[in-house]
Structure formats: C-alpha cells, structure tokens
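Let's take a walk through part of a protein model together. Please have the sequence and the 3D view open as you read.

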Amino acid sequence: MDTGEIQALDELGRWEAAKIIRELEDGKFLVRFIGWGKEFDSELPESKIRPAVHPFVNGVVLNLKENAGMPSIWLQKSSGRERGGKGKSFFPIPNPRKHPEKRQLAEMWLHKIGTGHTVKKFNFGPRKLVCEDHFEKSCYVEDIRAKILGCQPRKRLKDDAVPTIFVHRKPAVNLKRLERCTKRSAKKEPSSRSVETQTENSFFNMTTTDCQTEETRLPPKSAAVVLLDHSYCSKVEGDPVCPETHQQQIEETDIQECPLEDDDGHEGVEMFEFVDDERSDPTYYPEPEFPITAANELPTTGQVVHEKKFIVFESALDQLFDRTKCEFCDSSVIGIKKHSVGSGLLVTLSCIDGHEVLKWASQPVEGKMPLGNLLCAAATTFSGLTYQRLKSFASFFNLAFFSAPVYNQIQRNFLIPEVNSFWSAHQNDIIESLQGVPVDLAGDGRCDSPGYSAKYCSYSLMDVNSEKIVDLELVQCSETGSSVRMEAEAFQRSFKRVRYDLKLNVARFASDRHTSIRKICRTEFSDVLHNFDLFHLAKNISNSLRKAAKLKSNGELELWIKSVSNHLWYCSRNCNSDIPLLVEMWKSILYHVSGIHSWPEDNEFKVFRACNHAPLSDEEQRKKKWLKQGSSSHEALCKIVTGKRLLQDLPYIGEFMHTGALEVFHNVVLKYAPKRLEFNFAQMDARLKLAALDHNLNVGRAKAVVKKPRAGSSPRGETQYKRVFTKFTKQWVLKTKYEDKCYDYVYEMMDGVVNRKKNNQKEEIRKAPSANIAPCEAPSKMEMVMKHQSRFQGSNLA
C-alpha cells in the first residue's frame, strides 16, 4: 500500500484525506488523518483505505495523475466560457522555482487555496490557475488607460496579491470529530484570555474572560471540512468527479445547516462559516486565545529569585522558533514578531494562514513589568554596582537592557523601601541583644568626597564588643551651612537616637579627637566616659614623625617610627586605666631609643623606672641603631613625644578603645558608595545601610585554612596568609585570609522586592533636606551662556 496521501473512512463512514504511518502485524494500517494530531490515529483494514480521489478545492480540481500520492491543482487549457465563467480571468500560482523571491508569496497562495501542499512538494506549472473571483478589488492594479477610454479594464494582479475570497464554498462538518475537537479544546483551554502587547512602559496585560471564542474550538480546516466551490468546476473536462463523492459532499453540506449544541445544551453558532473579514488577511495577527502564563500559574517568588537564568543569542531563538508548527493547520511559522521591553522579550509566532501559533515571553511578568527588569535592578543595587557601569557592560555586549528612568523608578518604589525595611528589622535585633547591659560604642564620620567640599557626611556607631554597626546617620551640607560642621551634627543626632529612642545604656564611647564632638560629650553626655580612638592618635603621631624624618639631619628617625607607634598601643593596653602610669610609660620611649633601659627616680618618673622588655644581648645592643641623646633626631622625637596637646590627650586613651573595626567598615562602604561617584540623598542612605548589612552579617568570619597543600605551602589545616606590599610604608606585610562572605540575606531582600511588586506595596522614602545644596538660586541658562567666555577661543589669550 502506498504510504503517500490517501483517503480513509472515519467513524461516520466518510472518506477523509489521510496518510499511512506504518503497516501493522495483523494486516491493518496505522492511519493519521491530515490536520489531526497523533492522538487521533486509527487502525484500519485495507478495505477502508483507497487512493485519493478528486475533491473540489476553492475553484480548482485536485488531480492524482501528475504525481501519484501527491495531489496537485490543474485546469484544462480552455476558454473562460468552457471553465464556466464568461470572460473571467485566471491567474497562475507564483512559481518560486522561476522567481525565488516569490517563495513566501507562493506559500501564502497554497495555504489560502487550501491544498495542504508546501512549496517543496507542489508541482508548479502554467496550468495551475486561480479564478479572479477569489481576489479583493484592492489586489488589482488600477488600469488608467481603460479608465480614460471608458473600456473594460484589464485585470492585473499586484505583486503582493493573495486570494482571500472563498464565499462560494460551503463547509461541511464532521460532527463526531468536531465534538472530539471541542472536548480537547475545552481540556486544554478552559477559558479564553487576551494578551496585549504593551506600550513603552508595560510589557503585556493579561485578562481572563469566562466565555470561549469560536477560534478556540476551531479545528484545522483540512480535517473535518469538505469545500464546494464554483459550479463550473464540475464541468472541467479531463478527470470526471466521482458521483459517490459528489453526493457525499452534498449530504455533508446539508448537515451544516443544523445548529450545533454546546456542552450545556444551548444552541451554538455555525462555527465553520467562512466569512470575508480581516482574518482572511495573512498580515493580520489576531488576539491570542489564551495567555502565555495565567496569573495563578506564575512561578512563586522563591522560584523567580533562585532559578537559573541564561544568556541566549537571538539566532538560537530563531532556530528554535523556525521548527515550530501550527497546531491548527500544521503549517510552518513564517511570521516572528519580537517585542522587547528592557531585558524581557515577547515573541509572537504566526503561520501563513494568520493563526497565532505561539505567544511566548522570555521571563515571568508581574503586572506590566518583566520580572527580569526588577531582579536585574535589584541585583545592581544590592551588589553595590551602579546603573551606568552595568549599562556600559550591556551596551558593549549588545545585551537588551532597560533604561535609566526604569531603573530609577524601580529603585525608588521597591529597592530603597526594601533596604530600609530590612535594615530596620536587622537593627531591632541588634538593639534587643544589647538591652540591659552596659554598651561600649565607637563612632567615626565619613565624608562622601575627599577634601573640604563634601556634600554628605555619614556617622556610624559600632558596638565595640561585637563589632557590629548599631546606628547610622546621614547629613547633607545644606543642613549645617558648611562641610566642617556635618560630622558633629551627625554624631549628635545618632547618639541621641541611640540613648533616648533605642534606650541603650552607653557606658563608654570612643571617637577621634574632633574638638566639637569632645565638647558635645563633655556638655550633653557627661555621664558617658569619653575616650579617644587609639588608632587615629597613633596614626597622627606616625605622620608627625614621618614628616620630621624627611629632614636630612633626622634621617635616623625613620627607623623608629613603627616602634614609637607600637609603644603607644602598649602603654594604653597595659596601664590599667592608671593615667599617671600611662604618661610615665609613654615618656620612657625617650630613654629606650638611646639604649638606656633603666633610669633613676625623679619628678617625671615616680612609678615607671625601667623597660619591661627582656634584657638585650651584647650582639643586639651592637646591631641596634640607637639615637644619641642631644642629636637632631632625638630632639625632634622629644618634641613630638612631649607635645602639649598630646600630653593633654593621653588621659583619653587609658581605656584602650579604638575604631579599627570601623575603618574596616568604611572600606566596605567604598564598595557601595565610592567617593568619586555622586548619589542622591535616598540612594546614599540606602547604600550606607547595604554596607552596614554586609559588614554586620559577615563579621566574625572564620580564618581560611589550607585544604589542599601544594609545594611550598603550609600543611593541611594551617591558617592561610597572603603577602601584601603597602605603598605607604613601602614594606611587605603578612595578612590573614578569611572564609568567603555569605550573602544569603541578599536573596531574602530580592524575595521582598518581588513581593512588594506583586502586592504593589510602595512606601515613602527619606527625602533630601533640600533639592540643591547651592546657597543661592541658579541664574537662567541663557544669561550664563551670554556671559560665558572660553580662554581657548579668540585671538586675545590671557
């Protein structure tokens, strides 16, 4: 039995176009009806299968003589009168073999005619003609000559004309197959939904209706419909029409006149009536019958955040879409419409008959926003990146990306409120853990730019014992009138909030030697023991010694800078809050650098009269480069060590408190708010909180250990170190390596951002104290342009 196209009896005893899939062992054949899926395949004996006969299709006749097993369209060479129409014009189907540029047009013709052929299989020829009655008036070229002379116009088709009118044919319905198709559609698409492509600020809208459309139930045209067309088709000489088939077609036409009933028993519409409407236009793309993703089918928040994302090239997508087939007419996709909004892509596929094959989105959508835009903006902010840097990356990579206004809108409505909320919850947890116990705090300010022209100053308070940031305060220079007064104002606000609003029992507080902060602590917070930060004091002494050592006569002093700085840390740590002992220990450095390690009691040294280090050997004494008393280097060191302001500040370091951990935090702030970049007030505030979260949730990490020893490395389990050359001291130093940071909290914030978008939850964010930090109003731009002069233009250069 030929496995080409044949006809087979269906359940109602009607001959339908089919194809043999394979021969079975019991002598039967597995048959698939043209236009139907494999779930409707039937096992039929040879008696219910016959070669394809010649049904009428759209004004032409199918013939099997030219190519066995593959029907083709043909008409005899005869006049219009013999064909059944007086003076009718007939037009040949475009031949892509002669005109390759008309391949797509030929596909449109074949599918509109309804032959079921493809360009590859169809046998084109001069006798493959279509009647003029199947073309719109707009398909013909206007005959100007005939219009002027008043004669009958000559009908010539436009280059892009396609037959679309088939009002002569009457559809016949296979009711049983229609019932199966309707049930299948009801299972797959319980309701019809419309999807609209979005405008500039939205991706696409999804709405649900309760009724089904006719198109939802519409089966493939070639599956259950037998078409009758012009009467003159039956008069064509050559292949007579089988009387049996003709009678069968008339009976099936009569069945169509009865109204159909839907599942509820109500009268339905005549679903297969061919109407000459806009859907006949091959360029028309109807609304989809159901959405891509229903609202209740969206992935959960956790899935959206945690699922993997991939970068896909456009050519790879096209390769995938080109293999898609229309489920209605089993034709290939010829139309691919792509609509991108930011990082999201919406693709609409259509076949040659105008059916919408698929409407596919590259990412889930919430409301009118692709969630990829939301998550990408969140990842940008939460990682400390800036939009401009990521936009440059996307531009160089030719990656679809959203615009700056979209990013700013997402940041303002969802990201900053989520950061504020997450920080508030985290801060409350820290405050609860510190309630009821004396708390030691350390504070330090940070300006947003180098020099004395800062716009913002942030002040951070850290718990000394846990090394966690307790509170943050941001001040804009317009609030204080100058950049110098910002740090004191920020400290005052933050410290009042910690003591009076958060109710912390602050026992000791350490800061740098800022004179305004010293006064505020002395007058407003006298019950708190104020200490100076040992780190800043030692740094200040080292800078003074380094400056003095630049003189040629004081070159020997360079070798003692680090020893003097270490001596200050030693004195503060071992004085046990005894201030007179601290002062004597500090001044003893003047004897030690001269090689004198014990000295007699006098007015300056009443308690501390000898160095605490072990006795030095003669070899060590000889190798050490001591400073000779009375020399220029010794005199310079003596001047710095016994300086009046330094001796006044020594009592403030007796508690051995420092802000070294705060300096580490300020290093983290540089990741989120670099000093060379400008941010608005709300953005700066949010980025400071992100830095605090990064620091607090990663403080106290374990030291990294060697896991896989290599040649020359430490043994397994030993602490890992790294060598670093510092430009400042011009020396190699050894630093401990720690385990990688954990950023699980970021995923929690990402989940919160998606939930805020789903619930359309928006909160007020902290507004800037003033829109502009300038003390006066800006003049008009035109006035400034008129006064503007360039030193690089004109002949007179000053």
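Predicted model: local features only at pLDDT ≥ 70, side-chain atom pairs only at ≥ 80, totals over all residues.

Residues are numbered from 1 along each chain as its sequence is written, and side-chain values use heavy atoms, with hydrogens and water left out.

Let's begin with helix H9 (residues 371-382) and helix H24 (residues 744-758), whose axes come within 10 Å and cross at roughly 140°. That angle makes H9 oblique to H24 (angles under 35 degrees count as roughly parallel, over 145 as roughly antiparallel, 65 to 115 as roughly perpendicular and the rest as oblique). Which residues of H9 and H24 make the contact? From H9 come Leu374, Leu375, Ala378, Ala379 and Phe382, and from H24 come Val746, Met749, Met750, Val753, Val754 and Lys757; contact here means heavy atoms within 4.5 Å.

Now move along to helix H10 (residues 387-397), where the buried residues are Tyr387, Leu390 and Ala394. Buried means under 20% relative accessible area, exposed means over 50%, and partly exposed lies in between (1.4 Å probe, protein chains only). Just after H10, Asn398 takes a positive phi of about 60°.

The loop between H9 and H10 holds Thr386. Is Thr386 buried or exposed? Thr386 is buried, because its relative accessible area is 13%. Not counting residues up to four places away in sequence, Thr386 touches Thr380, Leu677, Phe679 and Arg687.

Our last stop is Ser594, in the loop between helix H18 (589-592) and helix H19 (618-623). Ser594 counts as buried because its relative accessibility is 17%. Leaving aside neighbours within four places in sequence, Ser594 is in contact with Trp626, Leu627, Gln629 and His634. Ser594 and Lys628 are 34 residues apart in sequence, and their C-alpha atoms are 5.6 Å apart in space.

Notes. Axes fitted to C-alpha atoms, helices over the stretch in contact; angles between N-to-C directions. Helix = DSSP H or I, 4+ residues; strand = E, 2+ residues; numbered from the N terminus.
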